Amino acid sequence: MESGAAMRTTQITYDDGITRQFLWATTLWGLVALLLGVVVATQLSFWQANFGTSWLSFGRLRPLHTNAAIFAFVGNMMFAGIYYSTQRLLKARMASDILSRINFWGWQLIIVSAALTLPMGYTQGKEYAELIWPIDIAIAVVWVVFAINFFWTIAKRNEPKLYVAIWFYIATIITIAVLHIVNSLVIPTSPVHSYSLYAGVQDALVQWWYGHNAVGFFLTTPILGIMYYFLPKAAERPVYSYRLSIVHFWALIFIYIWAGPHHLLNTALPAWTQSLGMVFSLMLWAPSWGGMLNGLLTLRGAWDKLRTEPVIKFYVVAITFYGMSTFEGPLLSIKAVNSLAHYTDWIIAHVHAGALGWNGFMAAGMIYWLVPRLYGTNLWSKRLADAHFWIGTFGLLLYVVAMWTSGINQGLFWQALDADGFLKYPDFVEGLVSARFLYHMRLIGGTLYLLGYILLIVNVVRTVASGKAVNVTVDVAVPEKEHGPGFRKLVLARPIVFTLMFTGLGVIFFYGGLIAAILALGGMLILATATYLLTGDSWGQGYHRALEGNSTAFTVLVLVAILAGGIAELIPSMIIRNEVPAISSTGELMTQKPYSPLELAGRDVYIAEGCYNCHSQMIRPLRHETLRYGEYSRLDEFIYDHPFQFGSKRTGPDLHRVGGKYPDLWHYTHMMDPRSTSPGSNMPSYAWLKDSKVSGPKLQRKLEVMRLLGVPYSDDDIASAEATMLSQGKLISDALAETGIELEPDSQMAAIIAYLQRMGRGPRPTGPEEPVAEGGLE
């Protein structure tokens, strides 16, 4: 703003009430999320902690824990930080108090709905996107309400330029909306059940495009915005580098969106998408560490406060964990490293270092800084906050180191071959038993982190009791509106044009062959030289300053940046259908057949019980995996899987080729008492499945929806669904009756046995039918 610009003064009372509401919700749900984490860690160490109850089983509580940590704890913390900082950065009260309250109460209702439905087994079976379709709609509505309020406030702001924190908030709001809507497209079969619009590998690609970027744009970008506001406030120092902030922001939001496929390395996903995911993940190192350094270097001249201010302690360790996690993420995206680490506890260590170290400690620092200001008093006890810091840090380090050790041990155990090239440790459970001590260490570490958080709650309650709620009123000097470059001029400016041209040449470089690559490289050099000679640094800060004054242009460019990767990766997979003909080892053409009604019902039981939390269904083309589990998984085998069930963790073995490996009696016994068939297993009993029934009418509706999704069920298949289900169920119950076991043909136990027996047994040869194993039905 120029010093000679005309000014007027207005008085603003900030709506700090909404911040207080979200802050209390953060404190409450943080406790719930951490308690659930301790419970599920206890269940992994001691299977008896499942209590033989369906709604307390690990498979149902683990998604509740992750959703509580992400959307309840960090989500409410994010809203609190955004509502507080946005008003001060824009020098304007939130546009609508009503929309703010709808945002708050709507979000709490969503969390309570998740807490009720997930333990009941109502889930979509997709990590970080488990909530059923009515709740998904509620999330979209509440998010739109939040977005309207936010952008409306920007439109009526009294500060001409958008500060860096606002950039990250804009990216968060736009990207989460896109991710959630695309990934949540389903066709309902009932008020609590639906099938994903996507299938198999396509569904996997969409899910991890969402899953990875939910981490990026829900757990990272808004918290970075909070860092850029609250860290300078706490340190009483300006952000270290404005230029670095620009590079950090645009590089991060553009690159992050491409990296999702690194969750699917060495799988049936097309190789080109895997390579893209790996390359862009490695590129993430630069902007991520740029942000970390910008945060830490902001403390230059204020490091003495590290000794006296708990808030600074929490921020420094949080930013350090951010740097560590964003180093480890690209490392894990290298195929060779991923082949060792994927499905192991190393991934658990990585996730919790980010969630508890980065998000948890940023939340703690923000709470300790905000509460005294929101209640017009001083923090009740800095010593108690220091105790929280040291107990939490030690607990977190114990947790992460235990899981690193366990994960590397698991990877090496699974890969070990003897002198003849065969598995050295063929018994999967042996590796699980060897990690039991480290699971206990994880439990102790998590409990210590929880204990530290309880100290925070005590400190907050006592601080609030010593003060009273205050709303800040300030006199704001408002400059007369300046007319900078318009929308069209900004989005078609030389920086944007040159960037698009450079990106196009980059695509040619990577995919155009040797000659095209040489020409593209030459073009890049010419373009870079011409850009510098024509403009020098004239469109560096100057252009971005102008862009910061036009929120519409800024938001549109953010949308373009985040859509580029999604379009490039997802559209080809949607256009090119994955119904690739499979050829057997004898040269026969193979065709994939749909699940029978009972198998489909069993698959729904598998998803409802959260079996995907501990078992994968994806055998990678690695020798040790094919020796242990059978032939590697192929793309065409999943074309009728709505949703996909590749899994991301192996607490138990992969199940993709388990069909026909064991008799029905083995599966029944294993589900009733896992240790009777697998001594040392920490799997809970699923005895309640014996008495739970499959609904015939609901099954018909499910087949109808599946047909809408392209699964070739005929009218006769749908009409006779219940009879076909009972017929196949009777085969299983009759086989078990010969051993003295009574089981109803329409029980969920019969259904899941049928599904397990089907796994890996399609596609079938198109010639004469094969003999059907126990429980199998064509």
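Rings of Phe, Tyr and Trp (its six-membered ring) count as a pair if their centres lie within 6.5 Å; planes under 30 degrees apart are called stacked, over 60 edge-to-face, and the rest tilted. Searching the whole structure gives 51 aromatic pairs.

Start by selecting F146 and F150, a tilted pair with 6.4 Å centre to centre and 50° between the planes. Because they are four residues apart in helix α4 (residues 133–155), about one helical turn separates F146 and F150; helices here are DSSP runs (H or I, at least four residues), numbered from the N terminus. Both F146 and F150 are buried, that is, under 20% relative accessible area, with exposed meaning over 50% and partly exposed in between (1.4 Å probe, protein chains only).

Next, select F413 and Y425, which are stacked at 4.7 Å centre to centre, with 15° between the planes. This pair links distant parts of the chain, 12 residues apart: F413 lies in helix α15 (residues 382–415) and Y425 in the loop between α15 and α16 (428–434). Is F413 buried or exposed? F413 has 9% relative accessibility, so it counts as buried, while Y425, at 27%, counts as partly exposed.

Now for the charges. A charge sits over a ring if NZ of Lys or CZ of Arg is within 6 Å of the ring centre and within 35 degrees of the ring normal. Select R675 and W47: the charged end of R675 is over the W47 ring, 3.6 Å from its centre. Then try R623, whose charged end sits over the ring of F422, 5.6 Å from the ring's centre.

A note on reading the tour: this is a predicted model, in which local features need pLDDT of at least 70 and side-chain atom pairs count only at pLDDT 80 or more, while totals for chains, interfaces and linings use all residues. Residues are numbered from 1 along each chain as its sequence is written, and side-chain values use heavy atoms, leaving out hydrogens and water.

Methods. Helix = DSSP H or I, 4+ residues; strand = E, 2+ residues; numbered from the N terminus.
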